[in-house]
Amino acid sequence: MTDKTTAPATHQTEEEERPAVQALPSVEETARESREQRGEPQSETERETLFAVEDLTVRYGKKPAVEDVTFDIYKNNITALIGPSGCGKSTLIRCFNRMNDLIPAASIEGHIRYHGQDLYDPAVDAVEVRKRIGMVFQAPNPFPKSIFENIAFGPRVLGTKKKSDLDDIVEEALTRAALWDDVKDRLDDNAYGMSGGQQQRLCIARSIATKPDVVLMDEPCSALDPISTGKIEDLMMELKKDYSIIVVTHNMQQAARVSDMTAFLMVQLDDDEENPRGRLVEYNQTDKIFTNPADERTEQYVSGRVG
Amino acid sequence: MSTKTYNPRTRLATSGARAATEAHLGRRPTGERVSGNLFYAFLLLMISLSMAGLAALIIDAFVEGFPRLGLELFTEPTAPFPEDSGFLNAIVGSLFVIGGVIALVVPLGVGAAIYLEEYADRERWWNRLIELNIQNLAAVPSIVYGILGLAFIVRGPLSLGFVVAAGSITLALLVLPTVILAAREAIRAVPPSIRQASLAVGATQWETIRHQVLPASIPGIATGVILAVGRAIGETAPLLLVGAATFVTFVPEGFFDRYTVLPVQIFNYFARAQQEYIILAAAGIIVMLVMLLAMNSFAIWLRNRYEQRW
């Protein structure tokens, strides 16, 4: 690990109390005010670890994409992964629901513990992982089916068969995704008739229809205009009450606006100036990353001087 | 900014630039235009020649078969005299054979395509061998399948005899590679993002294929089956070997009856000396075209119903 001195104690593996978090210096007053305006009570001391990432290295073939990543992700937080292109943000987020399993050349070392259980234990079924950890992708990817079928597919494969139950689930998911009023009269229309922003909210609704524990979002707004982006961000803040969200973003303002914790990754070369791979540079509360980063490279990146 | 704020020199420069631009956007060089037009004419010639060839065939069949055109071609079976003969038994024989081909080729072809596209690991040599073989099989002459059918289906291990089922199995083997290749294309055309979305909500690989990939690839698979069936309807050579050559006067009632099919019947009639049989054969070609068009139209209608975009 490099430059880990300020990251909140990341080597703990069990669900013990986390005194290291309390020991963090208080965030700047301005940042705190902005948080309070957003109505987010600070309860740093009660944070529960959701994922414990330990010495995670992901390789495609022999090339490492991300190397030696160690950090903890907390429950009911929005955790943002930021960094320049090629730093392994997407690779990292896809480890949390084992989507990298779909790439035959990908191999993983280290551990991700989810509520203490290693996700990459041979006894763990990737399908079971994905039932609990949903995902929203970079470009909206609704199924080429009706709006109703898009939402109902997940609950249906997880065993909900009754039409009335499915109706309820669809309405609830679409309501939570702030889409119900727009589409309640055309649930049987093809999802491709919706705008891009609506399609992405449909994808979010689809991912929460199965009542997952965590929602992963891989650059959910990169294909959207600012107004749709704003709606998705509002939605994330809303969903955070019930879900933990991990979001990859290229947009630093977005990370600053929505996230509680931010991890900054960067591309680094080895001693021979070869084999670029992503490494975690700094992980801390978002306010801290953006107002008073510990690492010089973080400061350069968030202030727009590099990247 | 309005033009009156420009001084005269600027205005001059502007108009000069405009003149230069106009010159630049002028006509293309003559040589370029001529070669472009020549190529266009060549393309027109090629398409007209192809159309003319097809039209000549159809017109010839119509002119020759005209004396016999009528509904009784579809309602009467083969009779001892050509004047009384229709194609009912051959039409029903063809429909039976084609029905059997579709029943065999759809599950086999789609199953093989799903395996190769969704499950097979390209790194393994046996999967690459299978792929290579399928591509080669698509190029094997149809008579070879006829010999295979005769040796293994009519006689040999299956020993079915000269019956409809033997014809169906032989033709199914013949068109199977085409169906597999078309179904693979169709499955490959489903965007990976659809599969990822399905897996990400916790669906298994089979549920993803069953509920997302297959429905989305139905139009493409249907196209492949249409092409394959179109070819199977017209096949003569392999069927001559697996039993359709006989002069059959009755209508087959099941897959284990003896049979004849339209192209074999036409071939048979053309080989005879009497003029009446030649006319009957020409009328048979019209019957076959009508049948082919009807089946293709139905299949295309079916495909368009399921057509979807992403």
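Trainee: Where in chain A is His115(A) found?
Mentor: Keep in mind that this is a predicted model. His115(A) sits in the loop between strand S4 (106-114) and strand S5 (117-118) of chain A. Its phi is positive, about 50 degrees, although His115(A) is not a glycine.

Trainee: Why is His115(A) called partly exposed?
Mentor: Count the C-beta atoms: His115(A) has 13 others within 10 Å. Exposed needs 12 or fewer and buried needs 20 or more, so His115(A) with its 13 is partly exposed.

Trainee: And what makes Asn76(A) partly exposed?
Mentor: For Asn76(A), 17 other C-beta atoms lie within 10 Å, so it falls between those cut-offs. Asn76(A) belongs to the loop between S2 and strand S3 (78-82) of chain A, and its phi, near 55 degrees, is positive in a residue other than glycine.

Trainee: How do you know whether Phe71(A) is buried or exposed?
Mentor: Phe71(A) has 25 C-beta neighbours inside 10 Å, and buried takes 20 or more, so Phe71(A) counts as buried. You'll find Phe71(A) in strand S2 (residues 63-74) of chain A. Its C-alpha is 9.5 Å from that of Leu56(A), 15 residues apart along the chain.

Trainee: How many residues of chain A are in contact with chain B?
Mentor: There are 21 residues of chain A in contact with 18 of chain B. Among the elements giving two or more residues to that side of chain A are helix H4 (126-132) and helix H8 (196-209). By class, that side has 12 nonpolar, 6 polar and 3 charged residues.

Technical notes: Residues are numbered from 1 along each chain as its sequence is written. Chains are lettered from A and ligands numbered from 1 in the order in which they are written. This is a predicted model: local features need pLDDT of at least 70, side-chain atom pairs count only at pLDDT 80 or more; totals for chains, interfaces and linings use all residues. Helices (H or I, at least four residues) and strands (E, at least two) are DSSP runs, numbered from the N terminus. Two residues are in contact if their C-beta atoms, placed from the backbone, lie within 7 Å. Ala, Val, Leu, Ile, Met, Phe, Trp, Tyr, Cys and Pro count as nonpolar, Asp, Glu, Lys and Arg as charged, and the others, Gly among them, as polar.
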